[in-house]
Amino acid sequence: LISPLLTIIAIFIANDLIENNKRDFLVYYAISWQFLLKVLILSLISTLCIGIGLLLFIVPGILIAGLLIFVNYFAILENKTVLDSLNLSWEKSKLNFFQCVLMAGFFWFITILTITVLSAISGSYDELNEISQTYTIISSSLAIYIQACLISFPILVFYKTQSLNKIEDSI
């Protein structure tokens, strides 16, 4: 439950930074709970689809990840249902498919790299109780930083750019 909650909070914080809104951190926490079940279901569906794609060979998994890159943004920022979020992400991603696949590839690269580095460091301990509290705090902080700054913010900027391009094209 922590990962979807962090995803929701990171998207809200990134969105407020772009729109220059100022909220107390507790507001993000309180608002995020109403989206938790929806984002959890979307995360499970996305992970399942991407996992099946990765089993078929790595390329289909990355392509599916590119098509589903905006699901959480539709669910959180536009309060869409799970099915609407999946459909809208699929449609929006097809408009700029290559960039969406590159963003998804970058997202997965950063995630896998982070997990690998943290696993390598924690794997050097013989017992779990030997892992220091400092290491646990630093690794958790690093995971939150990566989620907010290296994943949610760039994808949100791309999401908003795509929305602006669609509006300009319809004018």
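**Exercise 1.** At roughly what angle do the axes of helix H4 (residues 58–67) and H7 cross, and within what distance do they come? Classify the arrangement and describe the contact.

*Solution.* The structure is a predicted model.

Step 1. The axes of H4 and H7 cross at roughly 110° and come within 7 Å.

Step 2. Angles of 65 to 115 degrees count as roughly perpendicular. H4 and H7 are therefore roughly perpendicular to each other.

Step 3. On the H4 side, the contact is formed by Ile62, Leu63, Ala65, Gly66 and Leu67. Their partners in H7 are Phe97, Cys100, Val101, Ala104, Gly105 and Trp108.

Step 4. Sorted by class, the contact of H4 with H7 comprises 9 nonpolar and 2 polar residues, with no charged ones.

**Exercise 2.** Determine how H1 is placed against H2, and which residues bring these helices together.

*Solution.* Step 1. The axes of H1 and helix H2 (residues 25–32) cross at roughly 130° and come within 9 Å.

Step 1. An angle of 65 to 115 degrees would count as roughly perpendicular and one over 145 as roughly antiparallel. H1 and H2 are therefore oblique to each other.

Step 2. The handedness of the crossing of H1 and H2 is right-handed.

Step 3. H1 contributes Leu5, Ile8, Ile9, Phe12, Ile13 and Asp16, which meet Phe25, Tyr28, Tyr29, Ile31 and Ser32 of H2.

Step 4. The contact of H1 with H2 contains 9 nonpolar residues, 1 polar and 1 charged.

**Exercise 3.** Describe the packing of H1 on H3 in the terms used above.

*Solution.* Step 1. Helix H1 (residues 2–19) packs against helix H3 (residues 36–56) at an angle of about 110°, and their axes are 9 Å apart.

Step 1. This angle makes H1 roughly perpendicular to H3.

Step 2. The crossing of H1 past H3 is right-handed.

Step 3. Pro4, Leu5 and Ile8 of H1 make the contact with Leu36, Val39 and Leu40 of H3.

Step 4. The contact of H1 with H3 consists of 6 nonpolar residues, with no polar and no charged ones.

Key: Residues are numbered from 1 along each chain as its sequence is written. This is a predicted model: local features need pLDDT of at least 70, side-chain atom pairs count only at pLDDT 80 or more; totals for chains, interfaces and linings use all residues. Side-chain values use heavy atoms; hydrogens and water are left out. Axes are lines fitted to C-alpha atoms, for helices over the stretch in contact, and angles run from 0 to 180 degrees between N-to-C directions. Helices (H or I, at least four residues) and strands (E, at least two) are DSSP runs, numbered from the N terminus. Angles under 35 degrees count as roughly parallel, over 145 as roughly antiparallel, 65 to 115 as roughly perpendicular and the rest as oblique. A crossing is left-handed if the near helix is turned anticlockwise from the far one by less than a right angle, and right-handed if clockwise. Contact means heavy atoms within 4.5 Å. Ala, Val, Leu, Ile, Met, Phe, Trp, Tyr, Cys and Pro count as nonpolar, Asp, Glu, Lys and Arg as charged, and the others, Gly among them, as polar.
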